[in-house]
Amino acid sequence: MPAMVSGLPEFLLYFATAVALVALYLVVYSLATAHNELGLIRQNVMSAAVALGFSLVGFALPLSSALVRAVALTDVLVWGLVALVVQILIYWLVRLVVPNLSQRIASDELAPALFLGAASLAGGIVNAASMTY
């Protein structure tokens with residue numbers, strides 16, 4: 001195999017794993033929240049797009065950190081699942097301090113969506129920086 005594409009099979013394996021983890025994240029996150037993000041986004045509810053978008057970035061940051069540091073594919077899987085759990089916990093913690101969070105997002109209130117998104121992003125940054133192995 002030419003040197004230019006010698007790492008292609010590994011790239012494809014790791015990339016496909018990351019895409020599968022992102023898809024899993026979107027499914028699990030949507031089930032864990034009290035509102036249907038994708039349904040609201042389809043209805044042009046901006047607050048749902050903001051909250052889910054920042055949450056997705058908050059998940060992708062530690063996932064990308066895991067991809068960079070991975071010694072084996074299992075590292076990506078384990079740390080990807082840790083990142084997923086961290087994002088779910090952030091949602092539940094924000095629900096404690098923002099009354100009626102999901103209803104307010106569904107009503108297209110931007111302030112609670114931005115706060116959730118910022119918390120998700122901050123959690124993702126800290127999560128990514130905390131990955132030491």
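## Helices from end to end

Helices (H or I, at least four residues) and strands (E, at least two) are DSSP runs, numbered from the N terminus. By that rule the protein has six helices and zero strands, so its elements read α-α-α-α-α-α from the N terminus on.

This is a predicted model, in which local features need pLDDT of at least 70, side-chain atom pairs count only at pLDDT 80 or more, and totals for chains, interfaces and linings use all residues. Residues are numbered from 1 along each chain as its sequence is written, and side-chain values use heavy atoms, with hydrogens and water left out.

## Size and burial

Along its principal axes, the C-alpha trace spans about 55 × 30 × 20 Å. Of the 133 residues, 38% count as buried; buried means under 20% relative accessible area, exposed over 50%, and partly exposed in between (1.4 Å probe, protein chains only).

## A cluster of rings

Let's look at the aromatic side chains. Rings of Phe, Tyr and Trp (its six-membered ring) pair if their centres lie within 6.5 Å; planes under 30 degrees apart count as stacked, over 60 as edge-to-face and the rest as tilted. This gives five aromatic pairs. One of them joins Tyr29 and Tyr91 edge-to-face, at 6.0 Å centre to centre with 70° between the planes. Tyr29 lies in helix α1 (residues 8-32) and Tyr91 in helix α4 (residues 73-97), 62 residues apart.

Tyr29 is buried because its relative accessibility is 1%, and Tyr91 is also buried, at 1%. Tyr91 also pairs edge-to-face with Trp92, at 5.5 Å and 80°. Trp92 is partly exposed, with 41% relative accessibility. Ring pairs link Tyr25, Tyr29, Phe59, Tyr91 and Trp92 into a cluster.
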